[in-house]
Amino acid sequence: MSSKFKVQSSKPRKSSSLAGGPGAREAVKSSQGVADLRPPVSPGSILLPYQKAWVKDSSRWKFGLMSRQVGKDFSAGYEGVSSCVAADLRGHKVDWLIAAPSERQSLESLQKWKDWAESFKVSLHDEQIVREGGGESLLKSATIIFPHGSRIIAVPGKPETVRGYSANVLMTEFAFFEDPDATWRAMLPSITNSLRGGVKKVRLITTPNGIGNKAHDIWAKNYGQNFGQDRQDGQDKNSHPVHPVHPVKNSVASWSCHFVDIYRAVADGLPVNIDELRAAMDDAEGWAQEFECQFLDVQSTLLPYELIAACESAAARETVPADFWITPPPLPMVMGLDFGRRRDLTVAWTLQRQGDVLNTQEVLALEKVSTPDQVEQLRPRIRHMERVCLDYTGPGVGLGDYLVKEFGQFDPDKHLWGKIELCNFSNTLKVDIFSKLRMAFEKRAVRVPVSRVIREDLHSINRVTTTGGQMAYRAPHTADGHADRCTALALAARAAGGKAGSGAVYVFATTRQSQILAARAERKVFA
């Protein structure tokens, strides 16, 4: 992707005055050149106490270890936008660089900053989006520009994308960067030049993501080596560690540390039912890390952006014409099916083997579609599949039973040669299918569509090694799903590869030879 060009997401707007800002009244010239003394506004009045503590802390180096869904980016956005507003009112310029683990998170964080700009009644001068190759290719940067030239620039948190800037820096969900150590080294020069915009500041905000990474290293050195071990023996397991309310500065280090777990946030007025949320999560380790902010294990991204980009191809398709499913395809196809009904998507990912490559023919995503209507859409597709691997857990049990009744079950151990393999989503299965999916990407043996939504979904799964040495896989819930596409692709790759570890030889049940083999039961047939 060597080509580069810029896409304007909106036309440049004329510069406009800023209607207020932090502090006392400001005299601002109107478009007619007449001084307009406007009443002050207080956008920050809606901030909760822990958010105000973050905003009021003007330390150059600031680290917020915070629970999920407590408004990390919301607080950071207020601080950044208010500094841009103040600079514009003085006729100065200030730049902020936002780096996040993914394109989606970078753009979502930037949107919060844009919302704050609207609260300050700022009419932005310009908005720009730059991508590596145009269309749905990888994001390089997204920028909003204030009337007097202050900029807020959002980039994916990678070493190559954070280089070349001189700006204040916010690294949001820093612990979840693909390579936080290398990104940290690449970012530091951005804050060294104080000639433009004054002394630069660094803000790190994140939920813990295991030990051994740069985020954990900085936090442990500045907040205390015994962090996460505060609970005393005999203390109620449902209680939570008591941490200082105010920012903490180590006597030697220079970082100002803010700790906000879910308990602190609720005590400060965040409207969340903790018991209900904990019960819904039903994952003690996940709860401790995501909401109690405890460092528990080691995590890494299953499919980094570079690995995904190497397997993106214009020949891979996300949609096909309606008549595609009328006639049998010339080459055999398989499907991975991740079923969802209310909260998650149903995704049916179809792969077709073309030589030594598995090429994507369709990524069907169904949202909040009734089960009978889903079956109607899936039926003509499954008819043309050699094999379908389906997530046979939760709501997928009912669908799996229905499809087996119509298309037959595939289970060589039981000498069943139908189309549908019911995959119980145990941790053993997850380790098997996701590790093999990673290998397929490393070998460039799979082709996926060039799509931002698909790319972000594939990038969302983290590979976790717990303190006990167990491997697991986790993914966050977002507006685009819960890694539903990545799960469906992993299931499709399983369908294309036969049953792991069986040592069987699979042949397609479309030839006379396969029929003889099935009749003799001398080999296990891929049907």
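The dialogue below goes from the whole chain to a sheet, its helices and some single residues.

Q: What should I know about the model, and how many helices and strands does the chain have?
A: This is a predicted model. The secondary structure of the chain comes to 16 helices and 23 strands.

Q: How much of the chain is buried?
A: A residue counts as buried when its relative accessible area is under 20%. Of the 527 residues in the chain, 51% are buried.

Q: What share of the contacts join residues at least 24 apart in sequence?
A: Take the contacts between residues at least 6 apart in sequence: 69% of them join residues at least 24 apart.

Q: How do I read a sheet, and what is the strand order in the open sheet of six strands?
A: Strands of a sheet pair through backbone hydrogen bonds, either parallel or antiparallel. In this open sheet the six strands come in the order β20-β17-β14-β15-β16-β21, and the pairing is mixed. At the edges are β20 (420-423) and β21 (446-447), each of which pairs on one side only.

Q: Which strands pair with β14, and in what sense?
A: β14 pairs with β15 in the antiparallel sense, over six bridges. With β17, β14 runs parallel, and five bridges join the two.

Q: How does β17 join β20?
A: Strand β17 (residues 385-391) runs parallel to β20, and four bridges join them. One place to look is L390, whose bridge partner in β20 is L422.

Q: Why is β14 described as largely enclosed?
A: Six of the six residues of β14 are buried, so the strand is largely enclosed by the rest of the structure. To see both faces of the strand, sort its side chains by direction. M333, M335 and L337 point one way, while V334, G336 and D338 point the other way, and all are buried.

Q: Which strands does helix α11 touch when it packs on this sheet?
A: α11 touches β14 (333-338), β15 (346-354), β16 (357-366), β17 and β20. The direction of α11 makes about 160 degrees with that of β16.

Q: How do I describe two helices that pack together, and at what angle do α11 and α12 pack?
A: Look at the angle, the distance between the axes, the handedness and the residues in contact. Helix α11 (residues 371-382) and helix α12 (residues 396-407) pack at about 40 degrees, with their axes 12 Å apart. The two helices are therefore oblique to each other. Their crossing is right-handed. On the α11 side the contact is made by T371, V375, L378, R379 and I382, and on the α12 side by L399, Y402, L403, E406 and F407. By class, the residues of this contact are seven nonpolar, one polar and two charged.

Q: How do α1 and α2 cross?
A: The axes of helix α1 (residues 49-56) and α2 come within 9 Å and cross at roughly 40 degrees. α1 and α2 are therefore oblique to each other, and their crossing is right-handed. Q51, W54 and V55 of α1 meet F74, S75, A76, Y78 and E79 of α2. This contact has five nonpolar, two polar and one charged residues.

Q: Where do Q69 and E173 lie, and what is phi in each?
A: Q69 is in the loop between β4 (61-66) and α2 (72-89). Its phi is near 60 degrees, a positive value in a residue other than glycine. E173 is in the loop between β9 (168-172) and α5 (180-187). Phi of E173 is also positive, near 50 degrees, again in a residue other than glycine.

Conventions. Residues numbered from 1 in each chain as written. Predicted model: local features only at pLDDT ≥ 70, side-chain atom pairs only at ≥ 80, totals over all residues. Heavy atoms only, no water. Axes fitted to C-alpha atoms, helices over the stretch in contact; angles between N-to-C directions. Parallel < 35°, antiparallel > 145°, perpendicular 65-115°, else oblique. Left-handed = near helix turned anticlockwise from the far one by under 90°. Contact = heavy atoms within 4.5 Å. Nonpolar A, V, L, I, M, F, W, Y, C, P; charged D, E, K, R; others polar. Pairing = 2+ DSSP bridges. Buried < 20%, exposed > 50% of the residue type's maximum accessible area, 1.4 Å probe, protein only.
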